[in-house]
Amino acid sequence: MSIQKIARLAGVSVATVSRVLNNIDTVKAGNRQRVLDAIKASNYQPNLLARQLRTARSGMLLVMVSNISNPFCADVVQGIEAEAEKNGYRILLCNSGSDIVRSQSSLQLLSGKMVDGVISMDALSTLPELQNLIGDAPWVQCAEYDDASAVSTVGINDIEASRFIIDYLLQQGRQRIAMINHDLSYKYANLREKGYRERLAERGNDYCQIRYAAKLNYDSGKSETEHLLRSAEWPDAIFAVSDTLAAGALSAIAAAGLKVPEDIAVVGFDGTELGFITTPQLTTIEQPTTEIGKQAVTLLLRKINDPGSKPEQSILDWRFIQRASA
């Protein structure tokens, strides 16, 4: 299938098809959609090498994920991929683990002109080192929001969400609310802990127990909950900073012969599918994962198309989902 046949199928000019393939934003929305529909219907595969030679662009975006096994990260990547493909791009995925050495290896694709820009889900604390590696290339920091960042960022208001959780649990009569947090090199971990501490202090509650999971996974959530249950005064509620940690907490509580939520309420964070399959189902803060990914691509493409544009910060809405665990 040639570009001329795509144009005939879509009922537009060859020039319009070319503009869509090269992600030029002067194309009317209706015409763009007709071209994309024609491409999809005909399974058209543009010659990426030829396009790179014409436009000095690769049509590829590098996505650096801190932990691809985390369901939240996987959901965000789905949003990134969908929006990238909608705009004629493909993604290359790097499971960096917020490791600068691994990130540096992947970022060599930038200097080799193999990718046009970068979306990073690494810890915000790595920004200075990443900035040195990425330089002036188009870049967006995803799911780690910071209004003081020198690069475009997208995320949610973690402090607000955390404070909401504490208010909710206190209103239910919970007085001993513990927190299972993760790595404080991540901005979200700092912000969610800040909201937790602030709201308890404001409400005159001096019970403040925080455990830091070594990894953001089920086993760490279970281990830290077991530690909390060995304390002289175990909590009557647990706020975990991810659904994965919360799932581990539910397991540890059940193994101890206690009931959720009668003995201990559990609230997670992220709104992943885990919340539907745990027993009991998990109360959680749902992040707009797909939209976070799509917005990251939107911000990145703006930077690619206008390298001199200023960084943008995007805060998206979160949603509280009440289920049986709290």
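The model is a predicted one.

On one flank, S1 pairs with S2 in the parallel sense over 6 bridges. S1 also pairs with strand S3 (residues 117-120), again in the parallel sense, over 4 bridges. Met-64 can be followed into both neighbours: Met-64 stands opposite Cys-94 in S2, and the bridge partner of Met-64 in S3 is Ser-120.

In a regular strand the side chains alternate between the two faces of the sheet. For S1, Met-60, Leu-62 and Met-64 point one way, while Leu-61, Val-63 and Val-65 point the other way, and all are buried. Because 6 of the 6 residues of S1 are buried, the strand is largely enclosed by the rest of the structure.

The chain of bridge partners continues across the sheet. S3 and S4 pair in the parallel sense over 3 bridges, and Ser-120 has Gln-141 as its bridge partner in S4. S4 and S5 pair in the parallel sense over 3 bridges, with Gln-141 opposite Thr-153 in S5. In strand S4 (residues 139-142), Trp-139 and Gln-141 point one way and Val-140 and Cys-142 the other way; all are buried.

Ser-152 belongs to strand S5 (residues 152-156). Is Ser-152 buried or exposed? Its relative accessible area is 7%, and because buried means under 20%, Ser-152 counts as buried. Leaving aside neighbours within four places in sequence, Ser-152 is in contact with Trp-139, Val-140 and Gln-141, and also with Leu-299, Pro-311, Glu-312 and Gln-313. With Glu-312 there is also a polar approach: a polar atom of the Ser-152 side chain lies 2.9 Å from the backbone nitrogen of Glu-312.

The aromatic side chains come next. The structure holds 5 aromatic pairs. One of them joins Tyr-186 and Tyr-188, which are tilted, with 5.6 Å centre to centre and 50° between the planes. Both Tyr-186 and Tyr-188 are buried. Another tilted pair is formed by Phe-239 and Phe-269, at 6.4 Å centre to centre and 35° between the planes. This pair links distant parts of the chain, since Phe-239 is in strand S8 (residues 237-240) and Phe-269 is in strand S9 (residues 265-270), 30 residues apart. Phe-239 and Phe-269 are both buried.

Phe-269 has a charged neighbour as well: Arg-192 lies over the face of its ring, at 3.7 Å from the ring centre. Elsewhere, Phe-164, Tyr-168, Trp-318 and Phe-320 form one aromatic cluster.

Asn-70 lies in the loop between S1 and helix H5 (71-86). Although it is a loop residue, Asn-70 counts as buried, at 5% relative accessibility. Beyond neighbours within four places in sequence, Asn-70 is in contact with Leu-216 and Thr-244.

Ala-41 is found in helix H3 (residues 29-42). At 67% relative accessibility, Ala-41 counts as exposed, because exposed means over 50%. Ala-41 and Ile-6 are 35 residues apart in sequence, and their C-alpha atoms are 9.7 Å apart in space.

Methods. Residues numbered from 1 in each chain as written. Predicted model: local features only at pLDDT ≥ 70, side-chain atom pairs only at ≥ 80, totals over all residues. Heavy atoms only, no water. Helix = DSSP H or I, 4+ residues; strand = E, 2+ residues; numbered from the N terminus. Buried < 20%, exposed > 50% of the residue type's maximum accessible area, 1.4 Å probe, protein only. Polar contact = N/O pair within 3.5 Å; in protein donor to acceptor, adjacent residues only side chain to side chain. Contact = heavy atoms within 4.5 Å. Phe/Tyr/Trp six-rings, centres within 6.5 Å; stacked < 30°, edge-to-face > 60°. Lys NZ or Arg CZ within 6 Å of the ring centre and 35° of its normal. Pairing = 2+ DSSP bridges.
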